[in-house]
Amino acid sequence: MKQQPVLALPFGTAQVECTGIITLISVGHMDSPNIVDIGLTQMLTLVVDRNSTAELDVHLIGGFDDVTPQHASIGTRPESKEKMEGYSFPLCAKIVEALQRSRERFHLNTFHVLWHNTRWDSQGNACPVFHGFLVETSTGSLVPTTFDRTSRCPDEIVRRVRLAACSENHRWNSELIETYDTQTDRFIIAPFSWTECLLYFASTVRQLSDSEILSSCSTSPFSEVPDFVDNERRLCDYLIRHPDWRETFPMNQPRIFERTANGTWRRQGVKLSPD
């Protein structure tokens with residue numbers, strides 16, 4: 001079977017973890033329309049030459065219909081644009097627009113977003129049908145799945161800290177953060193810093209109740225995965241235990257993880273700590 005180039009574009013509030021991505025498959029997680037143009041360019045550089053005429057299969061997955069009924073109804077009082085439109089619709093529209101404008105040829109293979117990926121709980125809260133998916137690299141097929149903490153690849157907490165700190169690092173403004181190197185089958189977490197502002201945030205959040213963490217740290221508090229609050233607390237605990245980012249990145253060197261013969265991950269040149 002001929003292997004097709006694939007762009008998988010998961011987005012929305014759910015986190016998606018993927019491993020074993022090869023060069024003909026590019027997976028990007030987008031949370032804002034502001035990231036779409038440069039993010040799509042980054043993804044395309046991993047799968048095709050700019051002069052290629054190949055048709056790329058596209059899978060658009062993840063964003064659910066996060067507009068509540070009261071915001072969607074006519075005649076309500078003025079609300080912010082985010083509350084009126086939700087977060088998923090503007091992002092989805094921007095991605096489709098960017099695909100239309102691109103010089104590359106695309107085949108929209110999967111469009112599992114908005115109401116296609118929405119269910120409602122017993123209280124009437126909108127939730128995504130699924131929170132993650134697995135990419136079969138040999139065929140390009142995608143399968144909905146759930147990842148527990150043991151299957152989220154190495155350095156999970158440091159990678160979570162990086163997401164929290166990326167707004168303070170100008171080099172990551174409006175671009176996707178790359179972690180997995182498909183050529184060498186390694187995870188490479190480039191050094192980054194965090195400020196007193198993030199440490200203050202961590203100490204504040206750690207004092208909140210579970211419900212307060214949900215409402216303060218999530219744009220969709222009724223649809224988060226079960227371990228969302230626990231993950232936020234673990235992130236805050238790490239920052240409080242390691243206030244100086246240089247402890248995490250000695251000599252300003254990246255944290256590199258290689259796959260072992262039995263499929264686990266080992267930090268290059270360093271014995272792994274419990275963190």
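This is a predicted model: local features need pLDDT of at least 70, side-chain atom pairs count only at pLDDT 80 or more; totals for chains, interfaces and linings use all residues.
**Aromatic rings, strands and a buried helix**

Residues are numbered from 1 along each chain as its sequence is written, and side-chain values use heavy atoms, leaving out hydrogens and water.

Trainee: Are the rings of Y180 and F187 stacked, tilted or edge-to-face, and why?

Mentor: Start with the cut-offs: planes under 30 degrees apart are stacked, over 60 edge-to-face, and the rest tilted. The ring centres of Y180 and F187 lie 5.2 Å apart with the planes at 55°, so this pair is tilted.

Trainee: Is F187 buried or exposed?

Mentor: Buried means under 20% relative accessible area, exposed over 50%, and partly exposed in between, using a 1.4 Å probe on protein chains only. F187 has a relative accessible area of 4%, so F187 is buried.

Trainee: Which residue forms an edge-to-face aromatic pair with F187?

Mentor: Look for planes at 90° and centres 5.0 Å apart. The pair links distant parts of the chain, with F187 in strand β10 and its partner in strand β12 (residues 265–267), 78 residues apart. Strands are DSSP runs of E, at least two residues, and helices are runs of H or I, at least four, numbered from the N terminus. The partner of F187 is W265.

Trainee: Which residues do ring pairs link into a cluster?

Mentor: Two of the members also count as buried, Y180 at 18% relative accessibility and W265 at 17%. The cluster is made of Y180, F187 and W265.

Trainee: How many bridges join β11 to β12?

Mentor: Two strands pair if DSSP finds at least two bridges between them. β11 also pairs with β10, antiparallel over four bridges, with R186 opposite E258. β11 and β12 run antiparallel too, and R259 stands opposite W265 there. The number of bridges joining β11 to β12 is three.

Trainee: Which residue in the hairpin of β11 and β12 takes a positive phi?

Mentor: This hairpin has five residues between the strands. The phi in question is near 90°, and the residue is G263.

Trainee: How many residues of helix α5 are buried?

Mentor: Among the buried ones are I157, V161 and A165. Their cover includes β10, α6 and β11. Helix α5 (residues 156–165) is largely enclosed by the rest of the structure, because the buried count, out of ten, is eight.

Terms used:
Contact means heavy atoms within 4.5 Å. Rings of Phe, Tyr and Trp (its six-membered ring) pair if their centres lie within 6.5 Å; planes under 30 degrees apart count as stacked, over 60 as edge-to-face and the rest as tilted.
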